Amino acid sequence: MSLKKKIGSSVITAVLGATLLSGGTFAYFSDQETTNNTFAAGTLDLSINPETVINIDNIKPGDSMLKEFVLSNDGSLKIDTVNLETAYAVTDAGLNNTDDFGKHIQVNFLWNWDKESEPIFETTLYDLQNMDPDVVKRDLWDPLWEQKGGLEPGAANDFWVEFEFVDNDEDQNIFQGDSLNLTWKFNATQTDGEER
């Protein structure tokens, strides 16, 4: 074999060997870790006790009723605010109402049961039903939340509310036998999100 052929053959063998080496497997160190992650959402759970704040028969102008109710946070997240929505329906027994019965029912929210306590918020059922929930929040809940900063999980707040069938010294006979069915809806909201 000539020298040229021997060199050519050697070059081909070297290239073939390099190709096999680069295409082969190599042993190397490795390590692996796995993480297990969980996202569990908290809960907002506002409860009220008693569920029926007031249920009174045979009221007359001048009567007032003082009732206690408790708002509790039974969830795992802090409650920032509570908005109150009011709705009522009047049953006009004599079909003679020329005025809204709700305008004659005064509602006073009190800090506590002491008769000398001034209401923190007072209005009629009629005005409360037509009021923007943000106004109710500002006038009713904000003064309380400024002291407590919301409602922590497991905490409760006592409220006293006085209902009064206002005697306006005028003829209120149109309301004899009438009834008013009041619904209060308490909507709780969470605090702002935060970086954790």
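## Basis of the model

The model is predicted: local features need pLDDT of at least 70, side-chain atom pairs count only at pLDDT 80 or more, and totals for chains, interfaces and linings use all residues. Residues are numbered from 1 along each chain as its sequence is written, and side-chain values use heavy atoms, with hydrogens and water left out.

Asp74 lies in the loop between strand E2 (64-73) and strand E3 (79-91); strands are DSSP runs of at least two residues, numbered from the N terminus. With a relative accessible area of 48%, Asp74 is partly exposed, a class between buried (under 20%) and exposed (over 50%), using a 1.4 Å probe and protein chains only.

Beyond its neighbours within four places in sequence, Asp74 is in contact (heavy atoms within 4.5 Å) with Asp45 and Ser47. The side chains of Asp74 and Ser47 are joined by a polar contact of 2.8 Å, that is, a pair of N or O atoms within 3.5 Å, one able to donate a hydrogen and the other to accept it; residues adjacent in sequence count only if both atoms are side-chain atoms. The C-alpha atoms of Asp74 and Ala155 are 7.8 Å apart, although 81 residues separate the two in sequence.

## Largest pocket

A pocket is an open set of points on a 1 Å grid over the protein atoms alone, where a 1.4 Å probe fits, with protein on both sides within 12 Å along at least five of seven lines; lining residues have an atom within 4 Å of a point. Its lining has 30 residues, with Ile54, Ile56, Ile59, Leu180 and Asn181 nearest the centre.

Methods: Helix = DSSP H or I, 4+ residues; strand = E, 2+ residues; numbered from the N terminus.
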